[in-house]
Amino acid sequence: MTNARRLQIAIPWLVGVGLFAVWELACRVFEIPPFVLPRPSAVFATMYDYRGPLLEHSLHTLFTTIIGFVLAVAGGTAIGLAVGASSFVYVGLYPVLIAFNSIPKVALVPVIVIWFGIGTIPAVITACSIAFFPIAVNIATGLATIEPEMRDVLRSLGANRWEILTKVGLPRSTPYLFASLKIAITLSFIGSVISETVASNIGIGYLMLSASSRFEVPLVFAGLIIVGAMGIGMYAVCVVFERRMTRWAFRSQDLIS
Amino acid sequence: MPTGNFVSIRNVSLIYGEGEDSILAVQDLSLEIEKGEFVAVVGPSGCGKSSLMKLVTGLVRATRGEIYVGDQRVLDPIRGVGMAFQNPTLMPWRTTLANIMLPFEIVQPHKRLIGRDRARYVAQAEQLLATVGLRQFGGKFPWELSGGMQQRANLCRAVIHQPELLMLDEPFGALDAFTREELWSVMQRVWIEKRFTGVLVTHDLREAAFLADRVFVISPRPGRVIYETRIDIPRPRTLQTTFEPRFVDIVHALRERISQELTV
Ligand SMILES: Nc1ncnc2c1ncn2[C@@H]1O[C@H](COP(=O)(O)OP(=O)(O)OP(=O)(O)O)[C@@H](O)[C@H]1O
Ligand SMILES: [Mg+2]
């Protein structure tokens, strides 16, 4: 491993540690009261004290988020394929999709609660509804940008629409899909945590809300940090998948490194 | 009514677009190609050569006139045609071998047989790669090949399923002179072996004279056939042939003819 490579791996950690150090220092120097902004040392101490409930609630949130995310991938892919493959569906569906995406999902949660009650289901639905849009758009873009010559080669061989979709459309849009997954997974966390905050009695969002109502601000921050950490973790998983599945799209980078 | 010819283009016009913006790309163009004949189409840029290719394969519909391939009128994309364009359009997610086997997955009867007989088809593809000098490269991805190698693979993909009709739209245009001339010989060898009907669009008059039985010259847009000449040089033609006086004469005659037509 070269020094440059080692540095590249180390930098994110250094930046993270540095950020906490600045935060800690600022709290001490400016004597910020802990119920406004607790010191990271206090936050981590609280994290340790509450490790049981934190683990339980964050695992629940992770679980909810992943289910919502998987549903978003399935639904977003299906809608993206339909929109990208047929101009009729595109014209008909696109305005609706944009309208739906413009609705703040937090406004939807009460409605979902009326339909399904509070708890896990609204969180899953919110995560899914917020994450499917970038997936659908990216897949549709992948399909729309197929080289016309490639399509012509297939059509003149006698390929039908289905064959063109499976032999060119799908592989062509996988890099777009994986790029969108990285956005979608972080959006899923936003969706599930929002929903848990508004309408749940379990999950990290619920934990943070109840902590803040008891003015246990360090616990709120512990929850925030955990959500962020889970986001990074899932993002990394998506990156690994992306590298595996779409190596051909990264060829130039492979050549350099 | 089909004539005896394999490809028959009769008084075909093609208009792109509608109203104000419409472009008359091809006007009243007629052309007959015999079965097993290799013809070249030359003409100035934008005269409608690529459009002609798309008309013949049914990728675009003629605005007026009729086109027959075999004894079928062309109204929709016809099946099983081999096509190669100036950029190789290989699929970057497939290896070279998988790329050139693509027609087997689409064209009958191969589509039906390839599941059972994969090994035989792979052997066939590897043999074809070897004839164009890509023996070791089947497992490589297209981006690991040079431009000339990609174009060889592209030609392989166009001919592997032994199409009755091969359409080449400037496939050698982006290559350096050495590679281009080498690929002429490769192309000729494949044609002599398989005797498909071939249509080659090119800007290069030497290329046209080297490969074709007949050369058609198309006018500036809207495209019409303004000149046609038969190349009576026996095959196989070699690079040596291109320096012989009669070859040079043919190329000169073509060039003269084109500049005459363009200045009138
Ligand atoms: N899809 C299209 N829509 C509208 N106009 C088109 C389309 N394709 C081609 N044209 C027009 O038709 C004319 C002929 O185009 P074509 O591509 O057939 O020319 P060409 O002879 O192949 O040119 P070149 O030698 O540069 O490849 C051009 O003027 C072009 O602007
Ligand atoms: Mg062209």
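Helix axes here are lines fitted to C-alpha atoms over the stretch in contact, and angles between them run from 0 to 180 degrees between N-to-C directions. The model shown in every view is predicted.

**View 1. Packing of helices α3 and α6 in chain A.** Helix α3 spans residues 51-85 of chain A, and helix α6 spans residues 120-144 of chain A. The crossing of α3(A) and α6(A) is right-handed.

**View 2. The interface between chain B and chain A.** On the chain B side 26 residues take part, in contact with 18 residues of chain A. About 2200 Å² is buried between the chains, with carbon and sulfur atoms giving 68% of that area. W93(B), I106(B) and W143(B) together supply 34% of the area that chain B buries against chain A, more than any other three residues.

**View 3. Salt bridges and polar contacts between chain B and chain A.** Two salt bridges are found across the interface. One of them joins K111(B) to E163(A), and their closest N and O atoms are 2.7 Å apart. Seven residue pairs are in polar contact across the interface, both residues of each pair being at pLDDT 80 or more.

**View 4. The side of chain B that touches chain A.** Helix α3 of chain B, residues 102-106, contributes four residues to this side, the largest share. By class, the side is made up of 16 nonpolar, four polar and six charged residues.

Technical notes
Residues numbered from 1 in each chain as written. Chains lettered and ligands numbered in written order. Predicted model: local features only at pLDDT ≥ 70, side-chain atom pairs only at ≥ 80, totals over all residues. Heavy atoms only, no water. Contact = heavy atoms within 4.5 Å. Buried area = accessible area lost by both parts, 1.4 Å probe. Salt bridge = Lys/Arg side-chain N within 4 Å of Asp/Glu carboxyl O. Polar contact = N/O pair within 3.5 Å; in protein donor to acceptor, adjacent residues only side chain to side chain. Helix = DSSP H or I, 4+ residues; strand = E, 2+ residues; numbered from the N terminus. Nonpolar A, V, L, I, M, F, W, Y, C, P; charged D, E, K, R; others polar. Left-handed = near helix turned anticlockwise from the far one by under 90°.
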